[in-house]
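Please consult the sequence and the structure alongside the text.

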Amino acid sequence: MIFQNSLEFAQQLDAVDPLAKYRNEFYFPKVNGKEVIYFTGNSLGLQPKRTQSYIDEIMSDWKELAVEGHFHAKKSWWDYHELLAAPMAKVVGAKTQEVTVMNTLTVNLHLLMVSFYRPTPKRFKIICEEKAFPSDQYLMNSQVKFHGLDPDNAIVTLKKRVGEHFWRTEDVLEKIKEVGEELALVLIGGVNYYNGQVFQMQQITKVAKEQGAMVGWDLAHGAGNVALNLHEWGVDFAAWCSYKYMNSGPGNASGVFIHEQYLDRKDIPRLEGWWGTKKETRFLMEPEFQPMENADAWQISNPPVLSLAPYLASLEMFEEVGMDALIKKRDTIVRYLEFILQEIGKETNATFQIITPKERGCQLSVLLHGQGKELFKYLMDNGVIVDWREPNVIRLAPAPFYCSYVDMFHFGQILKSGIK
Ligand SMILES: Cc1ncc(COP(=O)(O)O)c(C=O)c1O
């Protein structure tokens with residue numbers, strides 16, 4: 001498609017966008033009385049209008065039924081989490097029994113490392129990307145120390161080549177082979193939070209498995225954004241938050257994937273709690289732990305229904321639309337955004353360097369050569385919500401659920417007027 005940097009052209013794209021009607025399903029904050037152009041769905045997705053009714057349902061059941069709500073609420077609370085498994089499995093390419101929802105992301109990665117990071121004197125190293133999201137770095141460091149190991153020795157970071165802004169798959173694979181028999185675990189953010197790179201998860205998983213290692217993916221920036229096929233790829237485990245592309249609200253619950261092959265393994269350690277025991281016998285209150293036969297065996301506490309409700313509302317929308325349609329629009333809107341950046345660059349002589357490689361999802365990370373934080377502030381003051389990362393990178397993530405092509409055009413015009 002040959003793009004044009006004009007309002008009419010953007011309007012035409014919106015007119016034929018099958019997802020355009022979903023924009024109306026979300027609340028947009030306002031700046032100067034106008035709805036913002038929202039580029040930070042990679043940080044916190046917008047609130048779907050239907051979410052309120054899911055929360056209200058629980059509040060009203062609680063008001064009217066109190067403890068009886070556990071079994072007699074419209075959607076009973078004791079097994080509420082089960083409602084999320086099937087739609088969540090579709091988003092990440094899993095079998096329903098391989099996913100569950102509980103806790104928050106970093107907590108879940110800790111719990112999964114308890115099960116899947118089992119260092120031995122010979123095989124104890126973890127490979128992760130350099131400058132991984134800080135919480136992941138703290139997670140891995142503390143896990144390694146918990147096992148009495150030295151992070152400087154046990155954690156191997158994947159480096160980018162000098163002068164480059166992304167990881168080359170061949171370098172990743174080579175490092176995995178080099179660490180070889182010492183490699184216990186590969187744990188990488190499947191979509192990098194800073195540069196927006198989508199790692200070649202299938203290939204990396206395959207090569208790491210060939211080395212005898214476990215493979216986990218932090219999919220904070222992947223779930224609801226990119227095509228995932230965790231079961232087929234043979235990924236051992238994964239976890240994601242739901243508040244970014246999945247629009248479930250601030251700090252909300254995390255999804256977990258555990259490959260089917262581990263669901264009946266008695267030799268895998270796990271931190272356990274009563275919601276992981278078989279539901280048929282759970283309320284007999286017996287001392288023996290009898291694990292559920294699905295990923296729910298990793299559940300610890302009874303489900304926090306007030307936070308699962310918004311996630312369920314959001315998953316219902318993912319069910320309606322499907323990842324294929326979202327990805328199709330994502331690719332077009334991201335290409336249009338890239339085109340707009342190039343056009344504004346030409347018109348203003350500014351250099352916008354997109355550091356996101358072609359393996360990308362929704363996010364473009366843009367180095368603003370010669371422009372500083374003033375430009376970021378100008379955008380924010382003028383109703384463009386973006387995010388700033390040091391030294392001078394803005395991250396733009398036009399979430400296909402609610403961003404429009406006209407947004408991209410207007411963004412270009414505002415950007416142009418902010419360039420000094
Ligand atoms: C890649 C990545 N990993 C982990 C986290 C931490 O998530 P949480 O605070 O929900 O544990 C985030 C949060 O933004 C993230 O982007």
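In which loop is A66 found? A66 is found in the loop between α2 (51–65) and α3 (69–72); helices are DSSP runs of H or I with at least four residues, strands are runs of E with at least two, and both are numbered from the N terminus. The model is predicted, with local features requiring pLDDT of at least 70, side-chain atom pairs counting only at pLDDT 80 or more, and totals for chains, interfaces and linings using all residues. Residues are numbered from 1 along each chain as its sequence is written, and side-chain values use heavy atoms, without hydrogens and water.

**Backbone features**
- A66 has a positive phi, near 45 degrees, although this residue is not glycine.
- E390 and P391 are joined by a cis peptide bond, with omega at about 0 degrees.
- P391 is placed in the loop between β16 (387–389) and β17 (393–396).

**Ligand site**
- Around the ligand (a heavy atom within 4 Å) are L105, T106, F133, D136, D218, A220, H221, Y243 and K244.
- This shell divides into four nonpolar, two polar and three charged residues; Ala, Val, Leu, Ile, Met, Phe, Trp, Tyr, Cys and Pro count as nonpolar, Asp, Glu, Lys and Arg as charged, and the others, Gly among them, as polar.
- A polar side-chain atom of D218 lies 2.6 Å from a ligand nitrogen atom, and one of K244 lies 2.8 Å from a ligand oxygen atom.
- The protein covers 82% of the 400 Å² of accessible area that the ligand has on its own (Shrake-Rupley method, 1.4 Å probe).

**Helix pairs**
- The axes of α4 (residues 82–92) and α11 (residues 305–321) come within 9 Å and cross at roughly 45 degrees; axes are lines fitted to C-alpha atoms over the stretch in contact, with angles from 0 to 180 degrees between N-to-C directions.
- The axes of α8 (residues 169–179) and α9 (residues 201–210) come within 9 Å and cross at roughly 15 degrees.
- α8 and α9 are therefore roughly parallel (under 35 degrees).

Definitions and conventions
A polar contact is a pair of N or O atoms within 3.5 Å; within protein, one must be able to donate a hydrogen and the other to accept it, and residues adjacent in sequence count only if both atoms are side-chain atoms. Angles under 35 degrees count as roughly parallel, over 145 as roughly antiparallel, 65 to 115 as roughly perpendicular and the rest as oblique.
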